[in-house]
Amino acid sequence: MSHAVVLMAYGSPERLEDVPAYYADIRGGRPIAPEHLEHLVDRYRRLGIEEGSPLNAITEETRAALERELSLPVFTGMKHWTPRIGEAAQQALDGGADRIVGLVLAPHYSELSIAGYRRLLEEGLRGRVELCMVESWHDDPGFVRVLADKVRGTQAHVVFTAHSLPARILEQGDPYEQQLHETAELVASQAGLTDWSFSYQSASPTGEPWLGPDILEHLAGLRGLGVEEVLVCPVGFVSDHLEIRWDIDVEAQEQAAQLGLRLARIEMPNAEPAFIEALASIVRRALA
């Protein structure tokens, strides 16, 4: 059999001028208020994303490294940018693959995230080949080891974080929050941590409750308990997303400075060899 991998990610605008189209895609074509759009554009401008997206470059580096590690074709498909998931599926089909692994660069399952990637990939494949979809890899030993190595030995209070989602998912039995807590507990256990907590980041102002506590509120609470130093370990992310570079490196840092907290974060796995090895192991298990 001929195997291939479709490596999926959320996507990121390539240049500053792409930001309006990018957010229009995320919102399904619904208009965004001009003041909100300008705020988003300003974030990218302040992060220095003018003519090239570091995240897209990291995703391509990850794809290429995974392809070398597996000796299998790996195609990138983005949910909200190019190349699209459907395009990646077609490339895999054109290459003669008859068994395809779908892997999202997000370790935790939610109907609001991973399920959507799967639907797009299934639409692109049109039932023509066998799909081995990786629904979740939140407890993968290699992934846990990568994160544990980044927090082991720290004297700081470790705060594990993940992207918040609307709280209504809990009523629907969505496993997202449970899987996040399992990852945090596994990493803490392997790293020998006893001083740690969990919070969310990146909630959107949609007018409905989102999972919490938000990291900015959480930092204030920790300072009130006498914590002086924090190390942020974003278990829900694997790359230097905007949500890392802005929400942690800018907003959380500003909050920490106001509170008199020393705050740092781990280096994200991105395309480092140990993380690529973990992804390769996940693919091999899916094919087995």
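I take contact to mean heavy atoms within 4.5 Å. I take helices (H or I, at least four residues) and strands (E, at least two) from DSSP runs, numbered from the N terminus.

The model is predicted: local features need pLDDT of at least 70, side-chain atom pairs count only at pLDDT 80 or more, and totals for chains, interfaces and linings use all residues. Residues are numbered from 1 along each chain as its sequence is written, and side-chain values use heavy atoms, with hydrogens and water left out.

**Helix 8**

I looked up the length of helix 8, residues 176-191.

Which residues of helix 8 are buried? I noted Tyr 176, Glu 177, Gln 179, Leu 180, Thr 183, Ala 184, Val 187, Ala 188 and Ala 191. Buried means under 20% relative accessible area, exposed over 50%, partly exposed in between (1.4 Å probe, protein chains only). An α-helix has 3.6 residues a turn, so residues three or four places apart point the same way.

The buried residues of helix 8 pack against helix 6 (141-151), strand 5 (157-163), helix 7 (168-171) and strand 6 (196-201). Just after helix 8, I found Gly 192 with a positive phi of about 75 degrees.

**Arg 99**

I found Arg 99 in strand 3 (residues 99-104). Arg 99 counts as buried, at 14% relative accessibility. A polar atom of its side chain lies 2.7 Å from the backbone oxygen of Leu 287.

**Cysteines**

I counted 0 disulfides, a disulfide being a pair of cysteine sulfur atoms within 2.5 Å. Cys 132 is buried at 10% relative accessible area, and Cys 233 is buried at 0%.

Note on methods. A polar contact is a pair of N or O atoms within 3.5 Å; within protein, one must be able to donate a hydrogen and the other to accept it, and residues adjacent in sequence count only if both atoms are side-chain atoms. The expected span of a helix is 1.5 Å times one less than its number of residues.
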